[in-house]
Amino acid sequence: MTEPWPDLAGKLVPGGHVLPVRIYFEDTDFSGVVYHGSYIRFMERGRSDFVRLIGIGHTGLNDGEHGEPLVFAVRRIAIDFLKPARIDDLLEVRTLVGEMGGARLELKQSVLRGGETLVEADVTIVLVSRNGRARRIPDSVRARMDEAARD
């Protein structure tokens, strides 16, 4: 028997986060294979739950808990689809912290099934104000990301 998940938000792991995802009919195309756009949604959920678990939830960020109201925005995704997932598969979305610049954060994300990598992605997110202007990552956010990258 495998270790139970602590909650729906997945769990923090050394260097980042892991989120379980079950494949449902709505995630697939007519052939029962996961539609490529579904992986983007899975990875977004992984990123959102990761930042929430380290104390940088989207709501708090938008409410100005780290200075002015801010939001994370995806600037770039480079993605490789290596193998397909199918209906009823149980996947893991892994999110690992990469390099951090002034306003940007590089994340490595992967989607696995039973330890086998199905999808790999390099994701660049930036912190922006409500009007869409890039903002320097606040020290409080940077410290939590640094700590998550080490643990």
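**From a buried ring to the sheet**

Y39 is buried, at a relative accessible area of 2%. Buried means under 20% relative accessible area, exposed over 50%, and partly exposed in between, with a 1.4 Å probe and protein chains only. The model is predicted: local features need pLDDT of at least 70, side-chain atom pairs count only at pLDDT 80 or more, and totals for chains, interfaces and linings use all residues. Residues are numbered from 1 along each chain as its sequence is written, and side-chain values use heavy atoms, with hydrogens and water left out.

Start with the rings. A pair of aromatic rings is described by the distance of the centres and the angle of the planes. Here rings of Phe, Tyr and Trp (its six-membered ring) pair if their centres lie within 6.5 Å; planes under 30 degrees apart count as stacked, over 60 as edge-to-face and the rest as tilted. The count by this rule is 2 aromatic pairs. Y39 and F42 have ring centres 6.0 Å apart and planes at 80 degrees, so this pair is edge-to-face. Both residues lie in helix α1, 3 residues apart, about one turn of the helix. Both Y39 and F42 are buried. Y39 also pairs with F81, in a tilted arrangement: 5.8 Å centre to centre, with 55 degrees between the planes. That pair links distant parts of the chain, with Y39 in helix α1 and F81 in strand β3, 42 residues apart. F81 counts as partly exposed, because its relative accessibility is 42%.

Helices (H or I, at least four residues) and strands (E, at least two) are DSSP runs, numbered from the N terminus. Two strands pair if DSSP finds at least two bridges between them. In this model 6 strands form an open sheet, ordered β1-β2-β4-β5-β6-β3, with antiparallel pairing. β1 (11-13) and β3 (70-81) stand at the edges; each has a single partner strand, so one side of each lacks a neighbour in the sheet. Neighbouring strands are turned by 30 degrees against each other on average, direction ignored. β1 and β2 pair in the antiparallel sense over 3 bridges. K11 has V18 of β2 as its bridge partner.

Helices pack on this sheet. Contact means heavy atoms within 4.5 Å. Axes are lines fitted to C-alpha atoms, for helices over the stretch in contact, and angles run from 0 to 180 degrees between N-to-C directions. α1 touches β1, β2, β3, β4 (90-100), β5 (104-113) and β6 (116-129), and its direction makes about 135 degrees with that of β2. Helix α3 (residues 139-150) touches β2, β3, β4 and β5, and its direction makes about 120 degrees with that of β4.

T28 sits between β2 (16-22) and α1 (36-53). It is buried, at 12% relative accessible area. A polar atom of the T28 side chain lies 2.8 Å from the backbone oxygen of F25. Not counting residues up to four places away in sequence, T28 touches I23, V33, V34, Y35 and I87.

D88 lies in the loop between β3 and β4. D88 is not a glycine, yet has a positive phi of about 75 degrees. D88 counts as exposed, at 55% relative accessibility.

P138 lies in the loop between β6 and α3. P138 is buried, at 15%. Leaving aside neighbours within four places in sequence, P138 is in contact with H66, L70 and L127.

Note on methods
A polar contact is a pair of N or O atoms within 3.5 Å; within protein, one must be able to donate a hydrogen and the other to accept it, and residues adjacent in sequence count only if both atoms are side-chain atoms.
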